[in-house]
Amino acid sequence: MTTRILTGITTTGTPHLGNYAGAIRPAIVASRAADADSFYFLADYHALIKCDEPARIQRSRLEIAATWLACGLDVDKATFYRQSDIPEIPELCWLLTCVAGKGLLNRAHAYKASVDKNVEQGEDPDAGITMGLFSYPVLMAADILMFNAHKVPVGRDQIQHVEMARDIAQRFNHLFGNGKELFTLPEAVIEEDVATLPGLDGRKMSKSYDNTIPLFASTKQLKGAVARIVTDSKLPGEAKDPGSSHLFTLYQAFAAPTQQADFRAALEDGLAWGEAKQALVNLLEAELGEARERYHALIEKPADLEDILQAGATKARKTATPFLGELREAVGLRSFRSQPISAAGAKKKAGKSARFVSFRDADGSFRFRFLAADGEELLLSRSFSDPKAAGAISQQLIAQGADSLELRADEGQQFTLWLDAECLADSPVYEEPEELEAAMLRLRDAIAGLAAAN
Ligand code: TRP
């Protein structure tokens, strides 16, 4: 079984060493595991909540995209995209908004912190608070649930949001799943052994403390930043305590074990802070120099980056488009073409009939699924350019009845449905011939049921 790992990066800043060691590097390593199916994306809709400077949003999206690629993300294995290229996400966000409790969202830390601050300052509690900030966790739930992620690697401040996504998913499943788990319940993953880097002043490296070292700074900028790392005032020759030096902590995050041991010994032996800083610069140059070159090459070709991200969006929408079709169906946003069928089935028992679900594919063509009464997918159609074709075919299949269905199982793992010498739809892949046989029978039964109800 593969594990679907998904995480988003809000595009409001320039990546720094702390982002690299704490999030980018571990995510790229995780994406290489054989059983990993990673979805990494630029959370640029989320960026709009925090930032109203278009130029900064645009610059940050470009820099973050280039960073992940330069650091070695394999976009053939992972799915890498911009949130704003997936229109299914805001659409799902609305479906989720309609089931998310306001009380649940009232409890979100980020929103509460803003309200508390207003109250403290004697302002109106809602001063400056947008609906974007209030609904932030619902959009994040849509990001996660759209792709049925199992694991969501995040920082501690985001755990609550992943838990809210779980709550919202559960509620949606309960209301609309008909006993089926429409959404996988996601879990937050906090990587305990991942380095949290100190910044120049020793506090956590963070844009909000203005104590960062940019990831792809030029050598000169890097030297300048490292020179500003705060140390104690021990003189050259005096023993230094690596345990209390954040310069050492930074070094550790990028050095091999033997290098770490050597550096520790040198500090204890009285290495001058100036030389220690030079050693850190050299280490960072060695670790990041090549990636920096790749980064600048990518930044200089934004059109190529655009192509890569568009391809990522197409790949992501292969999952998102049909799944959203199912969800629209589940909440009752159904094509009127399939309505007579469902209504007929509903006479027997509401919501329990087999059904055709049509949807629009990522490439703009139309397709349908045929689902058994319990929601099992029995067929996925080929593409049609005419939206009416799908509806006409379903009517024709029902009209001709179960016994005349032309099913072919040439390869042994999958069968196809034919009508007038044209292959119209494919079954899922089955491991065993017996399963395949059984599925063909269930298909005939389901069609027979619809024909009888008609
Ligand atoms: N809110 C996250 C952050 O600021 C970014 C994010 C948006 C995200 N959507 C997500 C993270 C979905 C994980 C999953 O860090």
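Two strands are taken to pair if DSSP finds at least two bridges between them; strands (E, at least two residues) and helices (H or I, at least four residues) are DSSP runs, numbered from the N terminus. The views show a predicted model, in which local features need pLDDT of at least 70, side-chain atom pairs count only at pLDDT 80 or more, and totals for chains, interfaces and linings use all residues. Residues are numbered from 1 along each chain as its sequence is written, and side-chain values use heavy atoms, with hydrogens and water left out.

**View 1. Strand 10 and its pairing with strands 9 and 11.** Strand 10 (residues 416-419) runs antiparallel to strand 11 (residues 422-426), to which 4 bridges join it, and Trp 418 has Cys 423 as its bridge partner in strand 11. Strand 9 (residues 406-408) is also antiparallel to strand 10, through 3 bridges, with Arg 408 opposite Thr 416.

**View 2. The hairpin and the two faces of strand 10.** The hairpin of strand 10 and strand 11 has 2 residues between the strands, and Asp 420 there adopts a positive phi near 50°. Thr 416 and Trp 418 on one side of strand 10, and Leu 417 and Leu 419 on the other, are all buried (under 20% relative accessible area, 1.4 Å probe, protein chains only).

**View 3. The contact of helix 11 with helix 12.** The axes of helix 11 (residues 257-268) and helix 12 (residues 273-299) come within 11 Å and cross at roughly 170°, which makes the two helices roughly antiparallel (an angle over 145 degrees). Axes are lines fitted to C-alpha atoms over the stretch in contact, with angles from 0 to 180 degrees between N-to-C directions. Gln 259, Phe 263 and Leu 267 of helix 11 make the contact (heavy atoms within 4.5 Å) with Trp 273, Ala 276, Ala 279 and Leu 283 of helix 12.

How values were computed
Parallel < 35°, antiparallel > 145°, perpendicular 65-115°, else oblique. Buried < 20%, exposed > 50% of the residue type's maximum accessible area, 1.4 Å probe, protein only.
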